[in-house]
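Good morning, and thank you for joining this group meeting.

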Amino acid sequence: MAVKLDGAALAVKLKAQIREEAAALTRPPMLAVVLAGEDPPSQIYVRGKERDCAECGIRTQTHRLPAAVSQEELLSLIDRLNRDEDVDGILVQLPLPEGLDFRPVLRALAPEKDVDCFHPLNAGLLALGEPRFLPCTPAGVLELLDAYDIPIRGRHCVIIGRSHLVGRPLAQLFTARDGTVTLCHSRTQDLPALTRQADILVSAAGRAGLVTADMVKPGAAVVDVAMNRAPGGKLTGDVDFPAVEPVAGSLTPVPGGVGPMTRACLLQNVLRAARLRRRR
Ligand code: NAP
């Protein structure tokens, strides 16, 4: 039976460490959150982030904007937060309401406050192997593998999903750690033939039941990034957990795997932003 990669338990430890480090700063870090519109999942995510920050002694200020906010008003808020000396990190909760373009908004962020690592400069630094921040979900995956002593060097890391949020940056991080990476997507031919070669298999497709037992090499580490809502509201990943559990060497649950790690890694970035800015 696969070892459970317990992201929830590891996140508790990481948060305790972050709390200690934040308390050692002369002034607690400050995260500004920008939430435009009424998207229900976004409201839940933002409340979760506020709670996480409070647990770790990180201050937050949440700017709630109506769905009808204009691009100019949004950009002017970002400009104000960029110049606010008390603000260490800025997070723009996505998706933005219809009619707003997220790209210019993310590009307007001061790169040193871009704790989601979405700004092109930070994405570029990551691609060059000189990251300022690590994108939260890929960083969470790595922290989890490291905590369970799952080696990356020389291993075949197969990732399903090539998004800018998860798959692409994770491919860069695995490469930087000497993994051999195969990045798969919806046009990949014979996906099972590739996944069966994986020592580390990461699925971030957002397709419940995509990863079946016959797609997993016995003993492989399987990381399920996806968060799919079943019709009854239940959260599931991409991996057929009960079928894959007897085959994999280790496996993340959903929920309680990558999700809590992503949240903890955001807090790490806020702490890092506070440190970097105060060192200037
Ligand atoms: P996304 O932008 O929709 O990207 C999905 C990727 O999966 C795309 O590259 C797509 O290929 C590929 N894909 C879709 N169906 C496929 C299939 N049948 N076979 C192979 N590849 C397939 O999604 P995302 O933002 O990266 O998020 C992915 C999942 O992770 C979602 O469930 C999301 O909720 C979850 N997520 C979780 C966390 C967390 O903290 N746990 C954080 C972020 C995201 P194409 O490029 O060809 O379209």
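Accessible areas come from the Shrake-Rupley method with a 1.4 Å probe, and for residues only the protein chains shown count as cover. By that method the chain exposes about 13,200 Å², and carbon and sulfur atoms supply 54% of this area.

The model is predicted: local features need pLDDT of at least 70, side-chain atom pairs count only at pLDDT 80 or more, and totals for chains, interfaces and linings use all residues. Residues are numbered from 1 along each chain as its sequence is written, and side-chain values use heavy atoms, with hydrogens and water left out.

Let us begin with the chain. Of its 280 residues, 48% count as buried, that is, under 20% relative accessible area with a 1.4 Å probe and protein chains only. The C-alpha atoms fill a box of roughly 55 × 40 × 35 Å along the principal axes.

We turn to the ligand. How many residues surround the ligand? There are 21, where a residue is near if one of its heavy atoms lies within 4 Å. Among the closest are Arg-162 and Val-225.

Next come the polar contacts, meaning pairs of N or O atoms within 3.5 Å. A polar side-chain atom of Ser-186 is 2.5 Å from a ligand oxygen. For Thr-262, a side-chain N or O atom lies 2.8 Å from an oxygen atom of the ligand. Met-227 instead places a backbone N or O atom 3.1 Å from a ligand oxygen. The protein covers 72% of the 930 Å² of accessible area that the ligand has on its own.

How values were computed: Polar contact = N/O pair within 3.5 Å; in protein donor to acceptor, adjacent residues only side chain to side chain. Buried < 20%, exposed > 50% of the residue type's maximum accessible area, 1.4 Å probe, protein only.
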